[in-house]
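This briefing is meant to be read beside the sequence and the coordinates.

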Amino acid sequence: MTPSSRTHDLAERMAELARASAPPSTVNEVLDDVTDTARELIPGADTVGVLLIGRGGRFESLAGTSELPHTLDEIQMQFGEGPCVEAALDESILRTDDFRTEGRWPLYSAAAVERGVLSGLSIKLYTADRTAGALNMFSFKARAFDADDEMIGTVLAAHAAAALLASREGEQLKSAMATRDRIGQAKGIIMERYGVDEVRAFEMLKQLSQDSNVKLADVAQRVIDTRSGI
């Protein structure tokens with residue numbers, strides 16, 4: 001496949017991914033599409049996966065096109081070293097031409113070779129206050145990846161990052177709406193019980209929050225749950 005044809009195929013697949021990732025697609029569905037597309041467009045990618053790392057080193061191994069990426073992620077977390085972890089946390093792109101001679105992650109590299117993996121390409125796909133991640137491609141052949149593969153992988157990683165960001169913002173929005181609803185219910189209970197207006201009911205909730213050093217949303221939930229003596 002020539003560079004121009006690969007670029008054309010990438011453009012077409014990205015358009016398809018954009019359409020497919022419109023609601024109601026879930027993040028997992030988008031990531032599955034991204035890893036499938038990486039395997040399709042990058043000839044050396046025998047298997048592909050996504051690694052997410054949260055606070056405290058908690059990790060999620062997602063969207064593997066086989067079980068092997070999940071196994072390799074487990075090994076990296078066990079040894080505390082590896083290209084997927086390093087790409088997720090620090091580097092933008094990490095390419096290994098031959099794990100048999102790779103000196104950066106000796107324990108991981110040996111384990112990868114034992115499982116038939118000889119080369120890899122890891123690309124950072126997401127960084128936020130609590131989460132980092134990488135799109136990871138593995139090959140059973142040495143020197144399977146080149147600069148064109150890095151370009152294609154970077155585009156796909158950006159698409160995956162956008163899906164994760166949208167998911168996070170959606171979760172924050174749902175949480176904010178739920179909090180607003182709880183406070184609204186609590187205000188209604190106070191207004192009915194004490195015959196006060198909405199402004200005074202909210203002031204009472206805030207005062208309770210301050211006096212008890214408890215979050216306003218939690219105070220509101222207590223009011224809803226008890227529906228008695230404030």
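R143 is found in the loop that runs between β5 (132-139) and α6 (147-194), and in this predicted model it takes a positive phi of about 50 degrees although it is not a glycine. R143 counts as exposed, because its relative accessibility is 59% and the cut-off for that class is over 50%.

- A63 is buried, with a relative accessible area of 14%, whereas R143 counts as exposed at 59% relative accessibility.

- Strand β5 is largely enclosed by the rest of the structure, because 8 of its 8 residues are buried.
- Burial applies to both faces of β5, with A132, A134, N136 and F138 on one side and G133, L135, M137 and S139 on the other.
- Strand β1 (residues 47-53) pairs with β5 in the antiparallel sense, over 7 bridges, and V50 stands opposite L135 of β5.
- T35, a residue of helix α2 (residues 27-41), counts as buried at 1% relative accessibility.

**Helices α3 and α5**

- The helix α3 packs against helix α5 (residues 106-114) at an angle of about 155 degrees, with the two axes 9 Å apart.
- That angle makes α3 roughly antiparallel to α5, because angles over 145 degrees are placed in that class.
- The crossing of α3 past α5 is right-handed, and the residues that meet are L72, I75, Q76 and F79 from α3 with L107, Y108, A111 and A112 from α5.
- By residue class, the contact of α3 with α5 divides into 7 nonpolar residues, 1 polar and no charged.

- W105 is located in the loop between β3 (93-96) and α5, and at 2% relative accessibility it counts as buried.
- With residues up to four places away in sequence not counted, W105 touches E81, G82, P83, E86, L94, T96 and F99.
- One of these partners, E86, is 19 residues from W105 in sequence, and the C-alpha to C-alpha separation of the pair is 10.0 Å.

**Helices α7 and α8**

- Helix α7 (residues 198-212) packs with helix α8 (residues 216-226) at an angle of about 110 degrees, and their axes are 9 Å apart.
- The two helices are therefore roughly perpendicular, since that class covers angles of 65 to 115 degrees.
- The crossing of α7 and α8 is right-handed.
- On the α7 side the contact is made by F202, L205, K206, L208, S209 and S212, which meet L216, V219, A220 and V223 in α8.
- The residues of the contact of α7 with α8 comprise 7 nonpolar, 2 polar and 1 charged, whereas the contact of α3 with α5 has no charged residue.

Note on methods: Residues numbered from 1 in each chain as written. Predicted model: local features only at pLDDT ≥ 70, side-chain atom pairs only at ≥ 80, totals over all residues. Heavy atoms only, no water. Axes fitted to C-alpha atoms, helices over the stretch in contact; angles between N-to-C directions. Helix = DSSP H or I, 4+ residues; strand = E, 2+ residues; numbered from the N terminus. Parallel < 35°, antiparallel > 145°, perpendicular 65-115°, else oblique. Left-handed = near helix turned anticlockwise from the far one by under 90°. Contact = heavy atoms within 4.5 Å. Nonpolar A, V, L, I, M, F, W, Y, C, P; charged D, E, K, R; others polar. Buried < 20%, exposed > 50% of the residue type's maximum accessible area, 1.4 Å probe, protein only. Pairing = 2+ DSSP bridges.
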